[in-house]
Amino acid sequence: LNSNLMRKILLFIIITLNVQILFAQYDYVQINLEFADNKTQFGKYRISMYKNLDSCFVGIKHNPVLDNTAPETWLKRDHDTILDIDESSFINIVEKCINLPSREIILGTNPTNPLLPCAGVNLEINIIGQKIEYNIYSPSEDTKERGLEEFYEVCRDIIELSGMKPKKFL
């Protein structure tokens, strides 16, 4: 392919992605963050951020260790707690997620010593039915060296927005 055609294809892809994001106005965006409470062994959490009409919400689902034998408990998408959040906080998190540097995150997925018990963090970004998912072990371990600063910041901000303390989980 010649360089002129490559530029046109690249421009078309960029414009298409921007139109999808602008068209959605974040109405069809959902951010899910799942993580285990490995420090206290008190189960798993899922935080979901979404917009419904003119309101933005954070839903928190907790699955205690005692219920881990019942997978249907974890698979249910209802939340234990739902919090209203302001739209600017929601948009701030969505834009940070959209701008995550995938290449750096992929290169930094492995911790220095993967044999040690570590906390896995799963960040899922859904936009108009399309999904990007990052599953990172120990994002707080060697964060800068692994190029995970922006990923860690997004996870921290989501946990803080839900009213929990990031240091307890990350």
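This is a predicted model: local features need pLDDT of at least 70, side-chain atom pairs count only at pLDDT 80 or more; totals for chains, interfaces and linings use all residues.
Student: Which residue's side chain meets that of Arg156 in a salt bridge?

Tutor: Residues are numbered from 1 along each chain as its sequence is written, and side-chain values use heavy atoms, with hydrogens and water left out. A salt bridge here is a side-chain nitrogen of Lys or Arg within 4 Å of a carboxyl oxygen of Asp or Glu. At 3.2 Å from N to O, the side chain that meets Arg156 is that of Asp157.

Student: Is Asp157 buried or exposed?

Tutor: Buried means under 20% relative accessible area, exposed means over 50%, and partly exposed lies in between (1.4 Å probe, protein chains only). Arg156, at 30%, is partly exposed. Asp157 has a relative accessible area of 13%, so it counts as buried.

Student: Which residues are linked with Arg156 and Asp157 in a network of salt bridges?

Tutor: By the rule above, the count comes to seven salt bridges. Another of these pairs is Glu133 with Lys131, at 3.7 Å from N to O. The network that holds Arg156 and Asp157 also links Lys96 and Glu153.

Student: Why is strand β1 described as largely enclosed?

Tutor: Strand β1 covers residues 29-36.

Student: Which strands pair with β1?

Tutor: Two strands pair if DSSP finds at least two bridges between them. Seven antiparallel bridges join β1 to residues 120-127, strand β5, where Asn32 has Glu124 as its bridge partner. Seven bridges also join β1 to residues 44-52, again antiparallel. The two partners are therefore β5 and β2.

Student: Which residue forms a salt bridge with Arg46?

Tutor: Arg46 is buried, with a relative accessible area of 2%. The closest N and O atoms of the pair are 3.1 Å apart, and the partner is Glu34. The pair links distant parts of the chain, 12 residues apart, with Arg46 in strand β2 and its partner in strand β1. The residue that stands opposite Arg46 in the pairing is likewise Glu34.

Student: What distance separates the C-alpha atoms of Leu83 and Leu161?

Tutor: Leu83 lies in strand β4 (residues 81-85) and is partly exposed, at 29%. Leaving aside neighbours within four places in sequence, its contacts (heavy atoms within 4.5 Å) include Cys56, Phe57 and Leu161. Leu83 and Leu161 are 78 residues apart along the chain, yet the separation of their C-alpha atoms is 9.3 Å.

Student: What is the phi of Asp142?

Tutor: Asp142 is found in the loop between β6 (130-137) and α5. At 29% relative accessibility, it is partly exposed. Although Asp142 is not a glycine, its phi is positive, at about 50°.

Notes
Helices (H or I, at least four residues) and strands (E, at least two) are DSSP runs, numbered from the N terminus.
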